[in-house]
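Here is a briefing on one protein model. Please keep the sequence and the 3D view open while reading.

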Amino acid sequence: MRFLYECPWRRLQELRELIPNIPFQMLLRGANAVGYTNYPDNSVFKFCQVAKENGMDIFRVFDSLNYLPNMLLGMEAAGQAGGVVEAAISYTGDVADPSRTKYTLDYYVSLAEELVKAGTHILAIKDMAGVLKPQASSMLVRALREHFPSVPLHIHTHDTSGAGVASMLACAAAGADIVDVAIDSMSGMTSQPSMGAMVACTRGTEYDTGIQMEKVFDYSEYWEVARGLYAPFDCTATMKSGNADVYENEIPGGQYTNLHFQAHSMGLGNKFKEVKKAYVEANKILGDLIKVTPSSKIVGDLAQFMVQNNLTRQDVEAQADELSFPASVVGFLQGYIGIPYGGFPEPFRSKVLKDLPRIEGRPGASLPPMDFQKLEQELCEKHEEEITTEDVLSAAMYPKVFDEFKEFTANFGPVECLNTRLFLEGPKIAEEFEVELERGKTLHIKALALGDLNRAGQREVFFELNGQLRSILVKDTKAMKAPMGLCFRRPATRWG
């Protein structure tokens, strides 16, 4: 909805119709549903109900701090909707390292006990940074298997360090039932370990998947071509190989490349090494957190703040009552995403917050229920069109994004009809292409020429539509972003 201007609900419906016999799984951020903030409880329950009705099967429920009250609400919502509940414990630290005393084997087993007691159907370990080493994999999975012999175990990791396949093989040998992999052409680095490697390494063993390698190759070839279409957004634009420094900085795979892009946009592109080191120090300042969105973003925001302002950990802690911290850091210390394991860091928290309000307990518990009927009425009046239940849920989760999506589709129509390259890059001059709006209704379009840039930052685009010459004014967003040095001032006239 935000980037492709497509309705995610419609996509789910279409996929469900095309793939009726394979379970679909989604991530649910506990009491945060699919957002980065807290929602009224009834919004989380309603979202899960509508997601299940639209074809979702398995709800992987987690919390960015492993905060149990947030997780339990998400589990209850998913279960009440009729979904399969997969409670996921986010992993950090190293259970095989005796010097890491916060997130120990006992911590993970105790948390798993609470989740099993709450009725989870599947128990998952969510290793977002890819720091679960082979020895730790064996210890953790073996301990969970011994304590919960009848509960399916599902392990998720990222391959940032390059050791993902070894760790997943260790998990399988220790008793895991499912491990997450990515098709070869989409695997490695901040993605998941290679599916082909796992299939090949387990062939002929008691863990043989029964999947034919030829099918893996064919599948990989298809996605290799698809991946090329998204090259500008690929992690390899900023990351060229795996990196074992993730064992030190513990940056999640989903954040690693984002953090690099953010550093570039803030003028810190040549200081990314310093940003990664600052990430380690920021994590310590905040009390050594479980790092998953949104907690990982909070650590990242503080790290970039430190590098931007040439601050060390000692500087930040000493000047905590004077510095103007990022809003995400202040919100975390106020308790807006929950309570971290071991509590908030003191006296740092008190210095930063001073007299600011603090939330005690589960953040969403005090929010008034969402009035869906009122929201639907407001959306109908605002957008002057029929609003579905799914639309209401989208607006409840992402108010601003939904409004932008509706405004875009009102102006440009159903852009999902365009192929990927045309959508991302636009047509080349003299290129002819067809757009099928619906069965039996196809537009034949030929791009002809671009006019000069006008003072409003627009160009006249000339094209043929079903053989008829047409033109339209289009904003040139690239020209609008050009450096000021490239802009020329016209001689003064009597008009200006």
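**Salt bridges**

At 22% relative accessibility, Asp403 counts as partly exposed; buried means under 20% relative accessible area, exposed over 50%, and partly exposed in between (1.4 Å probe, protein chains only). This is a predicted model, in which local features need pLDDT of at least 70 and side-chain atom pairs count only at pLDDT 80 or more, while totals for chains, interfaces and linings use all residues. Residues are numbered from 1 along each chain as its sequence is written, and side-chain values use heavy atoms, with hydrogens and water left out.

- Asp403 meets Lys382 in a salt bridge of 2.6 Å, N to O. A salt bridge here is a side-chain nitrogen of Lys or Arg within 4 Å of a carboxyl oxygen of Asp or Glu.
- Lys382 sits in helix H16 (residues 372–383) and Asp403 in helix H18, so the pair ties together parts that are 21 residues apart in sequence. Helices (H or I, at least four residues) and strands (E, at least two) are DSSP runs, numbered from the N terminus.
- Lys382 is exposed, at a relative accessible area of 53%.
- The structure holds 21 salt bridges.
- Another of them joins Glu416 to Arg10, with the closest N and O atoms 3.9 Å apart. Glu416 is in the loop between helix H18 (399–412) and helix H19 (420–425), and Arg10 is in helix H1 (residues 8–18), so this pair ties together parts that are 406 residues apart in sequence.
- Glu416 is partly exposed, with a relative accessible area of 36%. Arg10 is partly exposed too, at 41%.
- Glu250 and Lys291 form a salt bridge of 3.0 Å, N to O. The pair links distant parts of the chain, 41 residues apart: Glu250 lies in the loop between helix H9 (246–249) and helix H10 (253–265), and Lys291 in the loop between helix H11 (272–285) and helix H12 (295–308).
- Both Glu250 and Lys291 are buried.

**Nonpolar cores**

- The largest nonpolar core has 76 residues. Such a core is a set of buried Ala, Val, Leu, Ile, Met, Phe, Trp, Tyr and Cys residues joined through side-chain atoms within 4.5 Å.
- Phe47, Tyr91, Leu123 and Leu144 have the most contacts inside this core.
- Apart from it lies another core, of 37 residues, including Tyr67, Phe272, Leu289 and Val352.
- Beyond its neighbours within four places in sequence, Tyr91 touches residues including Tyr108, Ile125, Val131 and Leu140. Contact means heavy atoms within 4.5 Å.

- Helix H2 (residues 41–53) has 13 residues, which should span 18 Å at 1.5 Å a residue; its end C-alpha atoms are 19 Å apart, which agrees. The expected span is 1.5 Å times one less than the number of residues.
- Buried residues of H2 include Val44, Phe45, Phe47 and Val50.
- Cover for the buried residues of H2 includes H1, strand E1 (25–28), strand E2 (58–61), helix H3 (68–80), H16 and helix H17 (389–397).
- Gly55 follows H2 and has a positive phi, near 120°.
- Twelve of the 14 residues of H12 are buried, so the helix is largely enclosed by the rest of the structure.
- The cover over the buried residues of H12 includes H10, H11, helix H13 (313–318) and helix H14 (327–334).

**Strands and sheet**

- E1 and E2 run parallel and are joined by four bridges. Two strands pair if DSSP finds at least two bridges between them.
- Gln25 has Ile58 in E2 as its bridge partner.
- E2 is covered on both faces: Ile58 and Arg60 are buried on one side, Phe59 and Val61 on the other.
- An open sheet of four strands has the order E7-E8-E9-E10, with antiparallel pairing. Strand E7 (432–438) and strand E10 (468–475) stand at the edges, each with a single partner strand, so one side of each lacks a neighbour in the sheet.
- E7 pairs with strand E8 (residues 441–450) over six bridges, in the antiparallel sense. Val435 stands opposite Leu443 in E8.
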